[in-house]
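This briefing covers a predicted model. Please look over the sequence and the structure before reading on.

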Amino acid sequence: MRTIFTLWAAPMAIFWGWFFLSANDMNFGYAMLSRQVHDFAFQLYGNMLGVDPAIIPGMVARTCIFDFFLLMGLWAFRRRREIAEWIRQRRQGAISEDRLSRVTEAGPTLPAE
């Protein structure tokens, strides 16, 4: 599962890092991070897809969110027994006496009282 998360997160980090650096023209001397390359790349993708280049970052963001929920669903499906047991323990309300007394005790008193 870690491998799947890593193989998903690494390209996302690289893309969004490039996107925000190039969109703000923080190129640090690298042509790849310049605003000209940013505009050229999205113009090229827009022409290939037949859409306005300005909507491509939003399309990619929606895809990333969808992929995130898909991976979380896969993770939850693989861990469904542990998650169900955790929920069952929460619903039983088995709170130890020590924990309950720490929460309900009066606490420190002020000197003026």
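The model is predicted. Helix α1 spans residues 2-23 and helix α2 spans residues 35-49. Their axes come within 8 Å of each other.

**Packing of α1 and α2**
- The crossing of α1 and α2 is left-handed.
- On the α1 side, the contact is made by Phe-15, Trp-18, Phe-19, Ser-22 and Ala-23.
- On the α2 side, Arg-35, His-38, Ala-41 and Phe-42 take part in the contact.
- By class, the residues of this contact are six nonpolar, two polar and one charged.

**Leu-21**
- Leu-21 is part of helix α1.
- Its relative accessibility is 26%, so Leu-21 counts as partly exposed, a class that lies between buried (under 20%) and exposed (over 50%).
- Leaving aside residues up to four places away in sequence, Leu-21 touches Met-26, Phe-28 and Leu-33.
- From Leu-21 to Leu-70 the separation is 49 residues in sequence and 28 Å in space, C-alpha to C-alpha.

**Annotated spans**
- An unreviewed UniProt entry carries the annotation "transmembrane region" for residues 5-23 and 54-77.
- Residues 5-23 are 100% helix and 0% strand, with end C-alpha atoms 26 Å apart.
- Residues 54-77 are 92% helix and 0% strand, and the end C-alpha atoms of this span lie 36 Å apart.

Terms used
Residues numbered from 1 in each chain as written. Predicted model: local features only at pLDDT ≥ 70, side-chain atom pairs only at ≥ 80, totals over all residues. Heavy atoms only, no water. Axes fitted to C-alpha atoms, helices over the stretch in contact; angles between N-to-C directions. Helix = DSSP H or I, 4+ residues; strand = E, 2+ residues; numbered from the N terminus. Left-handed = near helix turned anticlockwise from the far one by under 90°. Contact = heavy atoms within 4.5 Å. Nonpolar A, V, L, I, M, F, W, Y, C, P; charged D, E, K, R; others polar. Buried < 20%, exposed > 50% of the residue type's maximum accessible area, 1.4 Å probe, protein only. UniProt positions renumbered as here; feature names shortened; annotations may be inferred.
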